[in-house]
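This briefing goes through a surface patch, a salt bridge and the packing of helices, in that order. Please read it alongside the sequence and the model.

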Amino acid sequence: MDNDVSAGATTTIVGRLALGITLLAFGLGHTDVIDGVSAADAVSIAHYVGGIALFVAGLMAFRDRDTANGTAFAALGALWFTWAVSDAGSANAAGLFFLLFALVALSLTLAGGDQLGQGTYGLLFVSLVLMAIAAFADNDGLAKVGGWFAVAAGAVAWYAATAALAHWPTSLRGRAAGRGVTATG
């Protein structure tokens, strides 16, 4: 992806910032790394930033004929909104929600696009699968690991948005075989 092309679109930047902030709050809430902060503390952010703002960014992307980001942001916005306002009722219901949410993330990962987008959605997929298993098995340790994957996904989404604004590198380009990979942009 080029610095001056699709990553620079306003809706893409806003959507990635909203997704990044939501994933960071959600993930950190599950890791227990900050004393007194839990996943329940991420509900307001998930409701307004992850739900409403991300959904609106998706609609704006559709208006700009960007179906990839429109689909991603609208679908994820609807899912975050649902997560924030729903009462799962049971651990199995929460696990099922995370599993269904993971399928959306997998579809977005496999759809292609730029490396930072695929990285974000791939990490989100792993996070949600771990969260689903943790919910089904009532395993707090696995939920923490899933939280860390969500933090990593949020950091990648945040970097993608910030990189587009600051004109930082947004892709990795391979060199000749055996010579490694370098960041360029």
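Y48, I52, V56, M60, F81 and V85 form a nonpolar patch on the surface, with about 520 Å² of accessible area together. This is a predicted model, in which local features need pLDDT of at least 70 and side-chain atom pairs count only at pLDDT 80 or more, while totals for chains, interfaces and linings use all residues. Residues are numbered from 1 along each chain as its sequence is written, and side-chain values use heavy atoms, with hydrogens and water left out.

**Surface patch**

- Helix 2 (43-63) and helix 3 (67-85) are the elements that give two or more residues to the nonpolar patch; helices here are DSSP runs (H or I, at least four residues), numbered from the N terminus.
- Helix 2 provides the largest share of the patch, 4 residues, whereas V85 lies in helix 3.
- Patches are made of residues with over 30% relative accessible area and no salt bridge, nonpolar side chains (Val, Leu, Ile, Met, Phe, Trp, Tyr) being joined within 5 Å, and accessible areas come from the Shrake-Rupley method with a 1.4 Å probe, where for residues only the protein chains shown count as cover.

**Salt bridges**

- A search of the whole structure finds 3 salt bridges, a salt bridge being a side-chain nitrogen of Lys or Arg within 4 Å of a carboxyl oxygen of Asp or Glu.
- In one of them, the side chains of D114 and R16 meet at 2.6 Å, N to O.
- D114 lies in the loop between helix 4 (91-110) and helix 5, and R16 in helix 1, so the pair ties together parts that are 98 residues apart in sequence.

**Helix packing**

- The axes of helix 5 (residues 115-137) and helix 6 (residues 140-166) come within 8 Å and cross at roughly 165 degrees (axes are lines fitted to C-alpha atoms, for helices over the stretch in contact, and angles run from 0 to 180 degrees between N-to-C directions).
- That crossing angle makes helix 5 roughly antiparallel to helix 6 (angles over 145 degrees count as such), and by class their contact has 19 nonpolar, 5 polar and no charged residues.
- Helix 1 (residues 10-31) and helix 6 have axes that come within 7 Å and cross at roughly 155 degrees, which makes helix 1 roughly antiparallel to helix 6.
- By class, the contact of helix 1 with helix 6 has 18 nonpolar, 6 polar and 2 charged residues.
- Helix 3 and helix 4 pack at an angle of about 170 degrees, with their axes 11 Å apart, and this makes helix 3 roughly antiparallel to helix 4.

Terms used. Angles under 35 degrees count as roughly parallel, over 145 as roughly antiparallel, 65 to 115 as roughly perpendicular and the rest as oblique. Ala, Val, Leu, Ile, Met, Phe, Trp, Tyr, Cys and Pro count as nonpolar, Asp, Glu, Lys and Arg as charged, and the others, Gly among them, as polar. Patches are made of residues with over 30% relative accessible area and no salt bridge: like charges are joined within 9 Å, nonpolar side chains (Val, Leu, Ile, Met, Phe, Trp, Tyr) within 5 Å.
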